[in-house]
Amino acid sequence: MPTLARTSNHRTADLIDPGGAQKSCPSAPAEPGALLIGVVGPEGVVQPIPTRLEIDADFIARASKAGTPEARFRFAGRCVEGKCRQWTGNSCGVIEKVLAGMTDQAIDPAAGLPRCAIRGSCRWYTQRGGDACRACVYVVTDQRADQLAV
Ligand code: SF4
């Protein structure tokens, strides 16, 4: 199964607002206070974690022993908008690239919306609704340049 990868390039800070006023980045770096929202499965498809699981420095240290955490897990943090190089001025460019990449590679979107701990505040869901969620399971955050990994 092809997966979509993208760079994590910004800090999270004090993270998730379940009420949604402060938007959440659903592909954030592993930082203390971030939420663990998914685990990358054996075929590169993310298995969502629908409950709120906040990570700490100890989790990051242990996860890092086996490689880059962002290559194996998905984390959510605070959307920093204009402080992120993916910000286009009024929206997140990442989900637009992901959706375009899926179209280009003829990747079928997931059948339904995964259960998700951050839907109330998610930047991508706010921006693209259910289409974002059906693409979300194919996104793997890592430290490399934006690319489609097949
Ligand atoms: S795009 Fe949808 S499934 Fe992915 S993190 Fe946002 S709300 Fe959750």
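Modeller: The protein has five helices and seven strands; helices (H or I, at least four residues) and strands (E, at least two) are DSSP runs, numbered from the N terminus. Along the sequence they follow the pattern β-β-β-β-α-α-β-α-α-α-β-β. This is a predicted model, in which local features need pLDDT of at least 70 and side-chain atom pairs count only at pLDDT 80 or more, while totals for chains, interfaces and linings use all residues. Residues are numbered from 1 along each chain as its sequence is written.

Biologist: Which residues of H3 are called buried, and what makes them so?

Modeller: A residue is buried if 20 or more other C-beta atoms lie within 10 Å of its own, exposed if 12 or fewer, and partly exposed in between, with C-beta atoms placed from the backbone. In H3, Val 94, Ile 95, Val 98, Gly 101 and Met 102 are buried. Seen down the axis of H3, these buried residues fall within an arc of 125 degrees, so they line one face of the helix; the arc is that of the directions from the helix axis to the C-beta atoms. On the other side of H3, Ala 100, Thr 103 and Asp 104 are exposed.

Biologist: Why is Ala 106 called exposed?

Modeller: Ala 106 has 7 C-beta neighbours inside 10 Å, and therefore counts as exposed. This residue lies in the loop between H3 and H4. Most residues other than glycine have a negative phi.

Biologist: What makes Glu 81 partly exposed?

Modeller: Glu 81 has 16 other C-beta atoms within 10 Å, so it is partly exposed. Glu 81 is placed in the loop between E5 and H3, and its phi is positive too, near 45 degrees.

Biologist: Why are strands E2 and E4 said to stand at the edges of their sheet?

Modeller: The open sheet has four strands in the order E2-E5-E3-E4, with antiparallel pairing. Strand E2 (24–28) and strand E4 (46–48) each have a single partner strand, so one side of each is left without a neighbour in the sheet.

Biologist: How do you know that E2 and E5 are paired?

Modeller: Two strands pair if DSSP finds at least two bridges between them. Three bridges join E2 to strand E5 (residues 73–78), and the two run antiparallel. Ser 24 has Arg 78 as its bridge partner in E5, and Cys 25 stands opposite Gly 77. Strand E3 (residues 35–40) is joined to E5 by four bridges, also antiparallel, with Leu 36 opposite Phe 75.

Biologist: What makes E5 largely enclosed?

Modeller: Six of the six residues of E5 are buried, so the strand is largely enclosed by the rest of the structure. In the protein, buried residues make up 37% of the 150 residues.

Biologist: Which helix gives the largest share of the shell around the ligand?

Modeller: A residue is near a molecule if its C-beta atom, placed from the backbone, lies within 6 Å of it. The residues surrounding the ligand include Pro 26, Ile 37, Trp 124 and Cys 133. H5 gives the largest share of the shell, three residues.
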